[in-house]
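Let's take a walk around a ligand and see what the protein puts next to it. Have the viewer ready.

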Amino acid sequence: MPSYDRTAVTPGIVHFGVGGFHRAHQAMYLDRLMNDGKALDWGIIGVGVLPNDRRMAQVMSAQDCLYTLVVKHPDGQLEPRVVGSIVGYLFAPDDPEAVLARMVDPATRIVSLTITEGGYHVNQVTGELDASDPALAADLRPGATPGSAFGFIVEALRRRREAGVPPFTVMSCDNIPGNGHVARKMIAGFARLKDPATAEFLENEVRFPNCMVDRITPVTADADREALAERFGIEDGWPVVCEPFTQWVLEDDFGGERPPYEDVGVQIVEDVEPYELMKLRLLNASHQALCYLGFLDGYRYAHEVCQDKLYVDFLLGYMDNEGTPTLPPVPGVDLDRYKHQLIERFANPEVRDTLARLCAESSDRIPKWLLPVVREQLAAGREITRSVLVVASWARYAEGVDEQGQPIEVVDRLRDKLVERAQHNREDPLVFISDPDLFGDLASDERFVTPYRAAVKSLHEIGARATVEAL
Ligand SMILES: NC(=O)c1ccc[n+]([C@@H]2O[C@H](COP(=O)([O-])OP(=O)(O)OC[C@H]3O[C@@H](n4cnc5c(N)ncnc54)[C@H](O)[C@@H]3O)[C@@H](O)[C@H]2O)c1
Ligand SMILES: O=P(O)(O)OC[C@@H](O)[C@@H](O)[C@H](O)[C@H](O)CO
């Protein structure tokens, strides 16, 4: 239980996207600080803007925003801890003014985000804001009440500017290369369309630190709730489960004060980029390398794939020969140790991270984590064999039927388009990669196209396992 008096904790952070990860990571670091008697003026107010967030609002309100974080060790030991750093939760559609009032309050010095890669509305080709999303379009109408995270941020900044209140810092904690830069560019793009004076204020005054965040946090399963009740007598409507490993590398670029995160293990650095590239191109890209092939081969959990030597060798081959050559030196990190530790983390049988979670929203993940590796390898005349097979395995997975003939539920904001294209994979294997919005000009680069055709054909003819074996 929290050792601090929660009635003495005052809000300092507004967080959009209170899902599993925020509760396993940023809220946990603050809880550690609070248990040491620090940062008591940095309580978190969670905000949900999507209809699905209503359930989180109900659970949080029923349990005073307390929840259990259960660390799952590979030997089966469960380490539960009740986290108290979230002190309020607002479901924005019910009361948008309450959200704005909290964001305008000078005590709010940080607005943080885990709104998924898709939440930033980046056009993958131009790298500019894609304002066509219905939630953004609604917020752009004159006089509209905000409904999106961007809408709330820009309106709150407008009100702070008019009231002479200094702006808050916007801290993105999503898995995006240059997450601070991307948040700044996209929110500024939105502000320019909505309110140019606030856009100028934002560009001149608001800080957007970059950070690398890491802790595998699977979707909570009913079995997790039951185990918590049976083994520990804790009834929790929505506990969070995660692996023991945790890392946060944060750029020290805050407009005002910040919590003393370094006191609880956060690495505060000047340049996050090397750490972030290492994590996204080794960990997240490897998740992509294992999930589609593993699923097609009949596995359903990440640990199952990573206990199979064939796939471990494939992943290490990708990391050593394709991911790693694109990385700059990473200060203080032994990359060989990091890669083997990744395999151990993926293989933790207790975490039970589903391949379905890793296979979702591929169109927001492959272009951001894997295709930059392909492009850099091609530019340097180096190997791309395994990366090509990963893209082909996504194309095969998107056909919506597995190797046993069972339907696959493809979860992706571009689902219809992807499935429609993938269904032509046999007669026209290039159709899937001919979407320049996702793949740029790769479909016209013979160095990519030749091995890609062969990989798609092999997946159809001999299946995922034999294709990896042949490789
Ligand atoms: N789960 C992990 O292992 C992990 C680890 C590191 C980083 N992350 C980052 O955290 C993000 C969230 O992961 P999670 O496991 O908490 O997922 P989750 O599904 O548990 O929660 C996602 C939250 O984001 C909100 N959201 C989604 N789209 C949004 C949008 N367009 N606008 C506003 N809010 C939106 C949802 O409403 C929800 O509250 C990931 O996309 C990733 O960038 C996750
Ligand atoms: O959550 P996403 O969408 O960014 O990606 C899926 C996983 O690769 C990711 O959640 C990892 O588990 C996480 O990045 C580990 O820190």
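The shell around ligand 2 is made up of 4 nonpolar, 3 polar and 6 charged residues (Ala, Val, Leu, Ile, Met, Phe, Trp, Tyr, Cys and Pro count as nonpolar, Asp, Glu, Lys and Arg as charged, and the others, Gly among them, as polar). This is a predicted model, where local features need pLDDT of at least 70, side-chain atom pairs count only at pLDDT 80 or more, and totals for chains, interfaces and linings use all residues. Residues are numbered from 1 along each chain as its sequence is written, chains are lettered from A and ligands numbered from 1 in the order in which they are written, and side-chain values use heavy atoms, with hydrogens and water left out.

Of those 13 residues, the ones that come nearest are E117, D214, K279, H287 and R365 (near means that a heavy atom of the residue lies within 4 Å). Look at the ligand's oxygens next: one is 2.7 Å from a side-chain N or O atom of N175.

Which elements give two or more residues to the shell? They are α10 (273-296), α14 (355-359) and α15 (362-379), with α10 giving the most, 4 residues (helices are DSSP runs of H or I, at least four residues, numbered from the N terminus). Zooming out, ligand 2 lies between domain 1 (6-269) and domain 2 (273-470), because both give residues to its shell; the bounds come from an automatic or database domain assignment.

Methods. A polar contact is a pair of N or O atoms within 3.5 Å; within protein, one must be able to donate a hydrogen and the other to accept it, and residues adjacent in sequence count only if both atoms are side-chain atoms.
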